[in-house]
Amino acid sequence: MADGANGRAGGDVKAIFRQIYLTLKAELLEDPAFDFTDDARQWIDKKKREILHMLQMLDYNVPGGKLNRGISVIDSYKLLKGTELSDNEVFLACVLGWCIEWLQAYFLVLDDIMDNSHTRRGQLCWFRVEKVGLIAANDGIILRNHISRILKRHFREKPYYVDLLDLFNEVEFQTASGQMLDLITTHEGEQDLSKYTMPVYRRIVQYKTAYYSFYLPVACALLMSGENLDNFVDVKNILVAMGTYFQVQDDYLDCFGDPEVIGKIGTDIEDFKCSWLVVQALELGNESQKKILTENYGKSDPACVAKVKSIYKDLDLQNVFFEYERLSYEQLISSIEAQPSKPLQDVLKSFLHKIYKRQK
């Protein structure tokens with residue numbers, strides 16, 4: 001089972017991680033639950049189309065991101081264990097990491113359809129690729145089902161197998177519920193800034209981003225370490241708070257970040273996003289400023305965008321963010337250092353130090 005990592009536990013983690021993607025992809029194409037292998041003459045062309053579509057769909061959507069979530073499983077497990085991992089342990093941690101990347105791909109494929117987006121990770125959204133269209137909706141469902149297949153193949157004999165299934169099911173439900181909150185709050189044609197309050201913002205971010213991006217990788221590592229997740233509610237709360245801080249940073253960078261550094265031009269204002277910045281502006285602004293926001297937020301006209309950014313500047317939201325960042329860091333460090341387990345503190349601090357004061 002660990003052939004993909006054999007002899008390389010101490011090697012470059014990202015290279016090993018990418019190699020194991022190839023192993024998992026090959027296994028899925030040979031999954032006995034679906035027959036890709038009918039050799040009857042009339043099925044040969046159809047078989048080729050099925051396999052080519054699956055290969056393209058996987059390569060296009062699964063491995064194209066930064067892979068931070070997946071690799072965090074390996075890093076966290078190593079810190080929790082406190083020793084070098086065996087080849088088999090590296091392999092299994094990588095497999096769980098890829099399950100998270102598969103989950104991410106599933107969310108993004110469907111989110112892009114719902115948001116009618118055009119690009120993702122510097123390329124066309126999958127549903128906009130020629131001959132894909134709304135087949136992408138089913139592809140998203142297939143990506144989600146791949147996770148169950150991967151977990152069954154590699155973890156069904158493990159004592160924590162059922163806990164893994166429960167974990168992925170729960171986090172998927174939380175993330176989908178967060179997407180629902182986001183969609184009904186920012187629904188096109190019903191633009192109403194009065195909906196944009198800090199409690200609403202926190203709920204969207206917590207459910208849509210924080211659970212699967214921050215809690216899930218650590219929870220996977222804890223289960224591999226033989227731990228009961230019920231004993232780590234405080235850890236979950238810290239990671240969700242960290243995920244919220246991460247999204248606030250994202251919102252700040254969307255407006256104030258350098259496009260050359262972050263790799264994109266922010267469009268939260270044009271897209272009527274429930275951004276931390278607009279929520280702050282609505283809380284801090286006077287009636288005249290709120291009126292300008294209401295009249296201009298969510299419009300693609302550069303003049304409207306400029307008026308919104310002018311309000312942000314007048315309210316000194318950059319410094320409001322810097323103060324929020326400082327307080328968040330202090331509170332997170334305090335909560336982390338209150339944890340009795342030093343290895344767990346190291347895991348949480350490694351997450352925090354990767355994102356604190358990031359520029360992209």
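I searched the whole structure, which is a predicted model, for disulfides (pairs of cysteine sulfur atoms within 2.5 Å) and found zero. Cysteine 220 is in no disulfide, and the nearest cysteine sulfur, 7.6 Å away, belongs to cysteine 99. I also looked up the accessibility of cysteine 220, which at 0% counts as buried; here buried means under 20% relative accessible area, exposed means over 50%, and partly exposed lies in between, with a 1.4 Å probe and protein chains only. Cysteine 274 is likewise in no disulfide, the nearest cysteine sulfur being that of cysteine 255 at 15 Å. Cysteine 274 is buried too, with a relative accessible area of 10%.

**How I read the model.** Residues are numbered from 1 along each chain as its sequence is written, and side-chain values use heavy atoms, with hydrogens and water left out. As the model is predicted, local features need pLDDT of at least 70 and side-chain atom pairs count only at pLDDT 80 or more, while totals for chains, interfaces and linings use all residues.

**Cavity.** I then searched the whole structure for cavities of 30 Å³ or more and found one. A cavity is, on a 1 Å grid over the protein atoms alone, a set of points where a 1.4 Å probe fits but cannot get out, and its lining residues have an atom within 4 Å of a point. The largest cavity holds about 90 Å³ of space, where a volume is the space filled by probe spheres set on the points, with grid points joined across faces, edges and corners. Its lining includes Tyr60, Asn61, Asp112, Arg120, Arg121 and Trp126. I noted that α2 (44-61), α4 (87-115) and β2 (123-124) each supply at least two lining residues, and that α4 gives the largest share, four residues. Helices (H or I, at least four residues) and strands (E, at least two) are DSSP runs numbered from the N terminus. The lining divides into seven nonpolar, two polar and three charged residues, counting Ala, Val, Leu, Ile, Met, Phe, Trp, Tyr, Cys and Pro as nonpolar, Asp, Glu, Lys and Arg as charged, and the others, Gly among them, as polar.

**Cores.** Next I looked up the nonpolar cores, each a set of buried Ala, Val, Leu, Ile, Met, Phe, Trp, Tyr and Cys residues joined through side-chain atoms within 4.5 Å. The largest has 84 residues, of which Trp102, Phe168 and Met242 touch the most other members. Its largest share, 17 residues, comes from α4. Apart from this core lies another, of 29 residues, among them Val205, Trp276, Leu282 and Phe321. Leaving aside neighbours within four places in sequence, methionine 242 has contacts (heavy atoms within 4.5 Å) that include Phe214, Leu332, Phe351 and Ile355.

**Loops.** Most residues other than glycine have a negative phi. Phenylalanine 272, in the loop between α9 (259-262) and α10 (276-284), has a positive phi near 55 degrees, but at 3% relative accessibility phenylalanine 272 counts as buried. Last, I looked up proline 340, in the loop between α13 (317-337) and α14 (342-355), which at 82% relative accessibility counts as exposed.

Notes:
1 Å grid on protein atoms, 1.4 Å probe; cavity = no way out; pocket = protein on both sides within 12 Å on 5 of 7 lines; lining within 4 Å.
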